[in-house]
Amino acid sequence: MRFKDVFSIIGPAMVGPSSSHTAGAARIGRAARQVLGEPASEAEVTFFGSFAATYQGHGTDRAIAGGLLDFATDDSRLPDSIELAEEAGMAISFGQGTGLFPHPNTVRLRLTGARTGTELALTGISIGGGNIEIVDIDGFGVKLTGMYPTVLIHHMDYLGVLASVTDVMRRGQFNIGHMSLDRKNRSGAALTVLELDEAATPELLHELSALPAVQSVKVVDLNETLQEQKGKDNTR
Amino acid sequence: MNFQTLSQLAVLCEERGMGIGALMLEEQSEESGRSREQEFATMSQYYGVMKEAVHRGMTEDTTSRSGLTGLDAQRVAAYNAADEPCLGGPAGQAMAYALAVSEVNASMGRIIATPTAGSCGIIPGVFLSCQERFGWDDDYMVSGLFAAGAIGYVIANNSFVSGAEGGCQAEVGSAIGMAAGALTELRGGTPAQAVHAVGLALKNTLGLICDPVGGLVEIPCIVRNGFGAVTALAAADMALAGVRSVIPSDEVIKVMLEVGSAMPEKHRETAGGGLAQTPTGRKIMKDLKNKK
């Protein structure tokens, strides 16, 4: 099912004017920020389709910038986010893309991490009502909605990696709702994406990181309720 | 969720002896793994945001950044109060509230997407005006939001709810169907009647294109929200009176998918056709570009 629960229909709480072009774009930006795992020093934003045609009027550019600053969809700072991004030291540019794209509302992001210089290329689509899918991360095909706690594991494509990952999940009592694996080539770099029913704990991430073939582990979670609670527990 | 269609939803309600709203709360809690109280509390917060948006739109300056829209809700309310409106009391109130929320959205204010921001005025317009009129408490309205959500969930998964995919019928049309079905239940209709209300409402917006002038969620989106609230009241009345959707509502939803899939790209939120490409629409777009 594309839409999984009642709050993907009633919601999100958001700053206008468009759920797909503003709230969805903010969520794509925020998901990208979480995949990068650090603030971005550079962000090159390319819009396609309806996004390209109408992004200024809908504040899609501001929404992406706000998401990259880790703002929620109803953050009242969203309208000023481009200025805030520049103040925070992010060089952000916007353009319109040509060529094939997977959905009328498509955006491609190229990010550079401020701390490590890590580069990330990510494609997201906004499918309506503020709901999104991340469909490509560094050339790996994925399908990531951010509605569930999601663990991204970069690893080498060896025999048994998936078995060891799911074994860690089983021992930690984490149920997997959706799973995908894509690899560049046989025995090459691979990315596994796991949507979980429960929020990933530091212990789980630590265990996964320690597995032999695993290179990095990231978490994406756009669940608003959870984000609010996190905000209360520890200021991010 | 244990239902994928409206007819399955109605059957499930009958089997469990509960309304659509109560059933959706149960299903939602099961899906999310959070307690019913938690999910109900989140929806209550959302209803609070809707109330706030109505209040802002009725009292504050809602002129949009483009300067094209704003304050129409207050114009309608003033006219309703001072003159003898064609529509009359409760429907006029629903229309004013729906315009108010849409104007808050267009001026980058805080709203709840129901199911989208472009259609965010319809459910608050219908819900708040009816709450005042019938003296319902907030918890009752929140259960109504779960009912609206259940209907929207079926529409979204069997068709679409974004203008870029399926035109305005998918946004404003879906919102009217959701409001009509939920209101039918709130007024004491059966789940089967609520489902009929959805089909009756959706039939009235089939084919509606998404043609925002200048690409902005302003013209014609805002007035369509005002009209939408009135239509939802009408559809609920028809269903409560025993009018049936002869073509079953699930089949109407499939028609929306068929029509939206055949809709040219220029009529799906790209501002490449329709009202956006009229001589006046083009002039507005040009003026906006020059302003920047």
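Reply: Domain 1 of chain A and domain 2 of chain A bury about 1,200 Å² between them, and 63% of that area is on carbon and sulfur atoms. Keep in mind as you look that this is a predicted model. Within domain 1 of chain A, the residues that lose the most area to domain 2 are Gln34(A), Phe140(A) and Leu144(A), together 44% of what that side buries.

To find the two parts on screen, color residues 7-146 of chain A as domain 1 and residues 150-220 as domain 2. Their C-alpha centres lie 25 Å apart. The contact draws on 15 residues from domain 1 of chain A and 15 residues from domain 2 of chain A.

What about charged and polar links? On the domain 1 side, two elements of chain A give two or more residues each: helix H1 (19-36) and strand S7 (140-144). S7(A) gives the most, with 5 residues. Sorted by class, that side of domain 1 has 7 nonpolar, 6 polar and 2 charged residues.

Asp138(A) has phi near 50°, a positive value in a residue other than glycine. Asp138(A) sits in the loop between strand S6 (131-137) and S7 of chain A.

UniProt, in an unreviewed entry, lists residues 150-222 of chain A as "domain: ACT". That span is 26% helix and 41% strand, and its end C-alpha atoms are 9 Å apart.

Now turn to the neighbor, chain B. The area buried between chain A and chain B is about 3,600 Å², and carbon and sulfur atoms give 58% of it. Phe7(A), Ile9(A) and Ile10(A) supply 19% of the area that chain A buries against chain B, more than any other three residues. The contact takes 40 residues from chain A and 51 residues from chain B.

This time the rule does find salt bridges, 2 across the interface of chain A and chain B. In a salt bridge that you can pick out, the side chains of Asp74(A) and Arg110(B) meet at 2.8 Å, N to O. The interface of chain A and chain B also has 17 residue pairs in polar contact, both residues at pLDDT 80 or more. Among the elements of chain A that give two or more residues to this side are H1, helix H2 (49-58) and strand S5 (119-128). H2(A) gives the most, with 6 residues. By class, the side of chain A that touches chain B has 16 nonpolar, 18 polar and 6 charged residues.

The peptide bond from Gly11(A) to Pro12(A) is cis, with omega near 10°, and Pro12(A) lies in the segment before S1 of chain A. In chain B, the bond from Thr114(B) to Pro115(B) is cis too, with omega near -10°. You will find Pro115(B) in the loop between strand S1 (110-112) and helix H6 (122-134) of chain B.

Notes:
Residues numbered from 1 in each chain as written. Chains lettered and ligands numbered in written order. Predicted model: local features only at pLDDT ≥ 70, side-chain atom pairs only at ≥ 80, totals over all residues. Heavy atoms only, no water. UniProt positions renumbered as here; feature names shortened; annotations may be inferred. Helix = DSSP H or I, 4+ residues; strand = E, 2+ residues; numbered from the N terminus. Domains from an automatic or database assignment. Contact = heavy atoms within 4.5 Å. Buried area = accessible area lost by both parts, 1.4 Å probe. Nonpolar A, V, L, I, M, F, W, Y, C, P; charged D, E, K, R; others polar. Salt bridge = Lys/Arg side-chain N within 4 Å of Asp/Glu carboxyl O. Polar contact = N/O pair within 3.5 Å; in protein donor to acceptor, adjacent residues only side chain to side chain.
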